[in-house]
Amino acid sequence: MADYFMRSCCFLAALFATSAAFVADSVLAQSAYPSRPIRFIAPFPPGGSSDVLCRLLGQKLSESLGQPVAVENRPGAGANIGHEFAAKQPPDGYTILISSSSTLATNPHLYKRLGFDPVGDFSPISMVASAGQVLVVHPSVPAASVKELIALAKAQPGKLNFGSGGKGIQSHISGEMFKAAAGIDIVHIPYKGTVQAVSDLVAGQVQLVFADMVPAMPHIKAGRVRPLAVTTESRSPVLPDVPTMIESGVPGYRAGVWWAVMAPRGTPEVIVNRLNAELGRIVKLADVQEKYANLGVSTEHSTPQFVTEKIRADTVEVAKVLKAAGVEPE
């Protein structure tokens, strides 16, 4: 009995020592991190919403963490190149990635080979933003409202075309949702980014685009494109006079994109939690909220677990839209 008691005491002492060492190591890791510059991967071209958000958050993280946060653009293949690169980096907290629903929930339905697993290859940190889009048309299009645009499309089936940031990008999905909801035939013209699609809209090469606010706003203000509706449930603060798609006669229409910051799978939980807390504080800053609002973007913050749940739920919804549009993975 005494031997059993002694063995139990020794086991408990060893367990306590191990637990204490783990806690001590975690505290040490948190206090020591970061001790060198952090790389913030932007897997999208410069100038778009994702790039702008990445640079804003990177600047604020640098200020709060006391280390440079260098934004590194690695666009290509619908953002797959940047995601694959980030997924293969050491899980030490010194490489992070800004991603979006367009990649995490949509690309699995567009590419037979991604080069990464949206859930299995990343440790989510937090949601950081969400936004709707704005339906803009070239001034030559004889439609001053969504109802007039629908009537025009029905009178000329297959004659109007809409540009997007690429097959399966949110601007494409929004257009396919519009086609299905309105019962119209408009032709999809994919580009390598929404910025390029909006540029060709301004040039008159396409008639309409479901655009992100960032590339669209300068052209809206200059009168080079005409906004007809926003895709959010309520009106945008940066375009308060522009109705929603629902107000414009398309019942139940809601579309948008969200962004999250991710890290390579296996990044220590203590580092993930540190970055999550920093991002939660950053998105509450008055100047950040003002800049978000000017972009037509809403601030978001979440648990890492919520990001995973959101990816899985949206993947199911996107699959339905793309299947109805006849989109097959390539």
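**Ground rules.** I number residues from 1 along each chain as its sequence is written, and my side-chain values use heavy atoms, with hydrogens and water left out. Since the model is predicted, I asked for pLDDT of at least 70 for local features and counted side-chain atom pairs only at pLDDT 80 or more, while totals for chains, interfaces and linings use all residues.

**Sheet.** I looked up the strand order and found an open sheet of five strands, β7-β6-β8-β5-β9, with mixed pairing (strands are DSSP E runs of at least two residues and helices H or I runs of at least four, numbered from the N terminus; two strands pair if DSSP finds at least two bridges between them). β7 (187–190) and β9 (226–230) stand at the edges with a single partner strand each, so one side of each has no neighbour in the sheet. From one strand to the next the twist averages 30° (axes are lines fitted to C-alpha atoms, for helices over the stretch in contact, and angles run from 0 to 180 degrees between N-to-C directions).

**Around β6.** I followed Gly163 to both sides: its bridge partner in β7 is Ile189, and in β8 it stands opposite Val209. β6 pairs in the parallel sense with β7 over four bridges and with β8 over two. Asn161 and Gly163 point one way from β6, Phe162 and Ser164 the other way, and all are buried (buried is under 20% relative accessible area, exposed over 50%, partly exposed in between, with a 1.4 Å probe and protein chains only).

**Helix on the sheet.** Helix α6 (residues 170–182) lies across β6, β7 and β8, at about 150° to β6 (contact means heavy atoms within 4.5 Å).

**Salt bridges.** I found 15 salt bridges in the structure, each a side-chain nitrogen of Lys or Arg within 4 Å of a carboxyl oxygen of Asp or Glu. Lys60 forms one with Asp287, the closest N and O atoms being 2.6 Å apart; this pair links helix α2 (residues 49–65) to helix α10 (residues 286–295), 227 residues apart. Lys60 is buried at 10% relative accessible area, whereas Asp287 is partly exposed at 28%. I also checked Arg36 and Asp92, whose side chains meet at 3.1 Å, N to O, and which lie in loops 56 residues apart. Within helix α9 (residues 269–282), Glu278 and Arg281 are three residues apart, therefore separated by about one helical turn, and their salt bridge is 3.5 Å, N to O.
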